[in-house]
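Here is my note on the model, point by point. Please keep the structure open while you read.

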Amino acid sequence: MTKATSATPQVTAQVPDAAGRFGRFGGRFVPETLTRALDQLTAEYEAATRDPSFHAELDQLLRDFVGRPSPLYHARRLSRQCGGAQIWFKREDLNHTGAHKINNTLGQALLTLRMGKPRVIAETGAGQHGVATATACAHFGLQCVVYMGEEDIRRQAPNVFNMKLQGAEVRPVTTGSRTLRDAINEAMRDWMSSVETTHYILGSVVGPHPFPRIVRDFQTVIGRESRQQCLERFSRLPDVVMACVGGGSNAAGMFYPFIEDTAVELIGVEAGGRGQRLGEHAATLLFGQPGVLHGSFSYVLQDEDGQTSDVHSVSAGLDYPGVGPEHTYWQETGRVRYWSASDAESLQAFDALARYEGIMPALESSHAIAKAMEIAAQRPPDQIVLVCLSGRGDKDAAEIARLRGDTSLHA
Ligand SMILES: *Cc1c(COP(=O)(O)O)cnc(C)c1O
């Protein structure tokens, strides 16, 4: 954990600066060809944020198409089981397409229309961002190409089929580890030769400026609603707010509206995988080093030679060797603490939620739930622990069956 010292910068919500810096992190490290596209995106985004009709259209979509606001839910039986504080969930799993990703893809699809571009590209690992992008593109009639590692295509067949049903083209990526980080490289390569006609909808708070800011802003609907719902329901703010961290978009959206509420503890939970050795986890903030990945300066999991390392997590959506620069900034300022949950702890949390609440959480979200259960057990009953339930777990049932040696889903 980063300790606050006199040299530690004070946290502020007024980030990033004009160069896309969050403290010393963030920025833009890309080839010249992309600079123009990123400048154009920055200008269009700033114009959109000043345009009331943009907000009105996005708000209406979030209400009628996504189903927002998502509820705040008291997990009574789970809380009783843990024997301490009250555990509450922000139900992003109830959104259309089953996760928080749609909040961002709809916002960026609207920006694509404003820029007059007919084509969208995206990367996806587990397939969740690919599905949310294909959905937004089908809704608006945009052409959609999704880059996906060959290995991930094999592991996530139902999501691949879903994207195709909605008219998207899924392009297999056969380079490197054939997973998410290679898919991002391919999407960036496509963009360099297609910027005139194409917008790249990046799926998390990573990549070059202005993506970390844009994706955060579109996801802050999670934290804004949560804050409002807590004030209405409890007449006060929660004691602890938690979220899982892959690239960091659901956590950034959940935490950002609470950043200046210093009495609220904020805790992000990374994928601890099956051990602490490089390659066995995806806990970038805990074990990474400063470095540049996908056009941004943040923490990166890398070996002694500075090579980006392989990562592992039971949840495909947390399987990324980088993390958003705002999280590195929040860690360095001490405003947010970052922990990890192991594969085994997350699988146990999945079981607990299924058994005690009748909710199957995504394995990604299960990481935050595992640590929330631990904290709740140590706190008095009047405390409120609020967790972002980032997505639903139907997509993970087959993998859980496989891990248990249950063949009923693989007949
Ligand atoms: C993609 C995904 C994540 C991880 O991405 P972040 O950008 O860290 O939010 C977490 N939960 C679910 C359900 C996801 O689909």
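1. Start with Ala352, which sits in helix H13 (residues 343-357). Helices (H or I, at least four residues) and strands (E, at least two) are DSSP runs, numbered from the N terminus. This is a predicted model: local features need pLDDT of at least 70, side-chain atom pairs count only at pLDDT 80 or more, and totals for chains, interfaces and linings use all residues. Residues are numbered from 1 along each chain as its sequence is written, and side-chain values use heavy atoms, with hydrogens and water left out.

2. Is Ala352 buried or exposed? Its relative accessibility is 10%, so Ala352 counts as buried. Buried means under 20% relative accessible area, exposed over 50%, and partly exposed in between (1.4 Å probe, protein chains only).

3. Now look at what surrounds Ala352. Leaving aside neighbours within four places in sequence, Ala352 is in contact with Leu78, Glu357 and Met373. Contact means heavy atoms within 4.5 Å. Ala352 and Arg77 are 275 residues apart in sequence, yet 9.8 Å apart in space, C-alpha to C-alpha.

4. Which residues touch the most other members of the largest nonpolar core? They are Trp191, Phe255 and Trp330, in a core of 88 residues. Such a core is a set of buried Ala, Val, Leu, Ile, Met, Phe, Trp, Tyr and Cys residues joined through side-chain atoms within 4.5 Å. Helix H9 (residues 211-234) gives the most to this core, with eight residues. A second, separate core has 30 residues, including Ala75, Ala85, Ala341 and Leu353.

5. Leaving aside neighbours within four places in sequence, its contacts include Val241, Leu266, His327 and Trp330.

6. Next, a helix pair. Helix H1 (residues 32-49) and helix H8 (residues 180-192) pack at about 85°, with axes 9 Å apart. That makes H1 roughly perpendicular to H8 (the range is 65 to 115 degrees). Thr33, Leu34, Ala37 and Leu38 in H1 meet Met188, Trp191 and Met192 in H8. These contact residues divide into six nonpolar, one polar and no charged.

7. Finally, helix H5 (residues 128-140). Eleven of its 13 residues are buried, so H5 is largely enclosed by the rest of the structure. The buried residues of H5 pack against elements including helix H2 (52-66), helix H4 (101-114) and strand S5 (119-124). After H5 comes Gly141, whose phi is positive, near 75°.

Key: Axes fitted to C-alpha atoms, helices over the stretch in contact; angles between N-to-C directions. Parallel < 35°, antiparallel > 145°, perpendicular 65-115°, else oblique. Nonpolar A, V, L, I, M, F, W, Y, C, P; charged D, E, K, R; others polar.
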